[in-house]
Amino acid sequence: MGQYAIKMPDIGEGIAEVELVEWRVQPGDAVHEDQVVADVMTDKATVEIPSPVAGTVLTLGGQPGQLLAVGAELIRLEVEGAGNVGAQAGAAPVAAATRQDAPAAPAASAPEPPAAPPPPAPAAPRPAASAPTPTIAAAPRAPGDKPLASPAVRQRAWDLGIALQFVPGSGPAGRITHADLDAFLARGSAAAPTAGDSARYRRLDGEEHIPVIGLRRKIAQKMQEAKRRIPHFSYVEEIDVTELEALRAALNARHGAKRGKLTLLPLLARAMVLALRDFPQINARYDDEGGSVTRHQPVHLGIATQTEGGLLVPVLRHAEALDPWACAREIERVARAAREGKATRDELGGSTITLTSLGALGGIASTPVINHPEVAIVGVNRIVERPTWRGGAVVPRLLMNLSSSFDHRVVDGMDAARFIQAVRALLETPALLFVE
């Protein structure tokens with residue numbers, strides 16, 4: 001038997017280091033060729049790292065949240081044959097801290113440091129995939145005893161409504177795995193407190209420490225940088241979208257079967273494209289270090305998209321060249337790619353202005369954070385029907401607020417207001433969206 005070290009590959013585009021997001025395997029696991037062993041993140045793109053060989057996991061080269069340089073040892077396997085690492089090579093530093101196989105030494109006697117790390121023992125035969133999960137006491141943890149689990153396991157437990165405090169862990173150091181969740185579900189969640197009036201009002205103790213890693217760390221850094229660097233100011237305006245909604249319904253009834261259904265977003269994107277022709281200082285990016293503004297003629301529209309991992313902003317390239325139906329299809333395509341984790345690096349960067357919407361949850365008003373280094377973001381709030389005074393009578397109208405934020409270093413308040421008023425005029429007279 002030999003050892004095979006998988007090193008962090010060079011995934012191109014000048015990336016020198018990546019963040020380790022999640023391990024898909026643990027020491028002692030059997031790995032087959034091309035099996036994904038880890039997820040890493042570069043900027044906002046998550047990349048899966050497969051194993052080029054089959055073997056048994058000996059050591060892991062880092063903890064989730066740790067930055068790894070390209071070429072650093074990612075994972076070490078025990079393989080048939082000679083492998084690519086000499087038997088005398090030392091083990092990766094993380095495995096010794098995470099393995100709990102050896103019994104603890106008596107407290108009264110301090111262990112002597114070994115002269116050299118012993119060679120790894122052959123992996124014990126692992127049970128078949130269908131074998132039952134080892135039985136572990138199902139008693140809840142003591143207060144303050146935090147359950148260990150990967151972000152993926154925590155997300156799945158949240159989706160299933162499982163409190164990790166009551167799930168026994170069979171992984172290293174009691175870490176909870178997906179198999180532990182399956183076993184917990186198979187037992188009928190017997191370890192959890194029973195539902196009822198007494199459980200509904202029971203007192204809760206304890207806390208859960210969740211490391212901010214992966215996409216959430218990138219989002220946190222970007223939002224912090226945007227608020228630190230950009231002096232934001234927001235402007236909220238109410239828009240009557242009654243005519244716009246009537247036109248959208250008519251277009252969908254007439255062309256929806258062949259050209260696809262239109263939502264509000266492509267029509268709003270069209271209004272922004274037309275209005276930006278008179279406000280080039282808003283379709284711009286600000287260079288903090290160089291102290292310069294770059295105004296863009298094409299409109300590369302960022303579409304703020306909520307994914308399972310967090311907020312991403314895929315880019316709608318050359319929105320000025322798209323009709324509403326082409327715009328709708330492209331918005332759907334880039335948003336789906338972001339949600340499925342398939343968006344490329346180019347599709348997640350280079351926007352010149354961003355459009356954000358919470359749909360039916362849009363609220364009355366919001367204060368969106370500018371997508372640095374852009375200088376403006378337009379936010380869509382929900383549509384509500386309200387009584388409105390028009391032509392000497394009170395009539396029901398569909399009203400919606402636009403909540404927008406601007407970089408005050410580049411955009412004056414008067415220009416921001418005039419831009420939004422131009423967007424409002426186009427949306428309230430929607431025939432103008434189709435007139436050049």
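Student: Which residue lies over the face of tryptophan 325, and at what distance from the ring centre?

Tutor: Arginine 259 does, at 3.9 Å from the ring centre. A charge is said to sit over a ring if NZ of Lys or CZ of Arg is within 6 Å of the ring centre and within 35 degrees of the ring normal. The model is predicted, and local features need pLDDT of at least 70, side-chain atom pairs count only at pLDDT 80 or more, while totals for chains, interfaces and linings use all residues. Residues are numbered from 1 along each chain as its sequence is written, and side-chain values use heavy atoms, leaving out hydrogens and water.

Student: What makes the rings of phenylalanine 279 and phenylalanine 419 a pair, and of which kind?

Tutor: Rings of Phe, Tyr and Trp (its six-membered ring) pair if their centres lie within 6.5 Å; planes under 30 degrees apart count as stacked, over 60 as edge-to-face and the rest as tilted. By this rule there are 2 aromatic pairs. In this one the centres are 5.9 Å apart and the planes stand at 75 degrees, so the pair is edge-to-face.

Student: Which parts of the chain does the pair of phenylalanine 279 and phenylalanine 419 tie together?

Tutor: Phenylalanine 279 lies in the loop between helix H7 (264-276) and strand S10 (284-287), and phenylalanine 419 in helix H9 (residues 413-428), so the pair links parts that are 140 residues apart in sequence. Helices (H or I, at least four residues) and strands (E, at least two) are DSSP runs, numbered from the N terminus.

Student: Is phenylalanine 279 buried or exposed, and is phenylalanine 419 buried or exposed?

Tutor: Buried means under 20% relative accessible area, exposed over 50%, and partly exposed in between (1.4 Å probe, protein chains only). Phenylalanine 279, at 6%, counts as buried, and phenylalanine 419, at 0%, is buried as well.

Student: How is alanine 365 classed, and on what value?

Tutor: Its relative accessible area is 46%, so alanine 365 is partly exposed. Alanine 365 is placed in the loop between strand S16 (353-357) and strand S17 (376-390). Leaving aside neighbours within four places in sequence, alanine 365 is in contact (heavy atoms within 4.5 Å) with Val236, Asn381 and Ser403.

Student: Which residues have the most contacts inside the largest nonpolar core?

Tutor: They are Ile282, Leu301, Phe406 and Phe419, in a core of 47 residues. H7 gives the most to this core, with 10 residues. A second, separate core of 19 residues includes Val18, Leu20, Val25 and Leu77. A nonpolar core is a set of buried Ala, Val, Leu, Ile, Met, Phe, Trp, Tyr and Cys residues joined through side-chain atoms within 4.5 Å.

Student: How many bridges join S2 to strand S7 (residues 67-69), and how many join S2 to strand S4 (residues 36-42)?

Tutor: Two strands pair if DSSP finds at least two bridges between them. S2 has 3 bridges to S7, running antiparallel, and 4 to S4, also antiparallel. Valine 18 has leucine 68 as its bridge partner in S7, whereas leucine 20 has valine 40 in S4.
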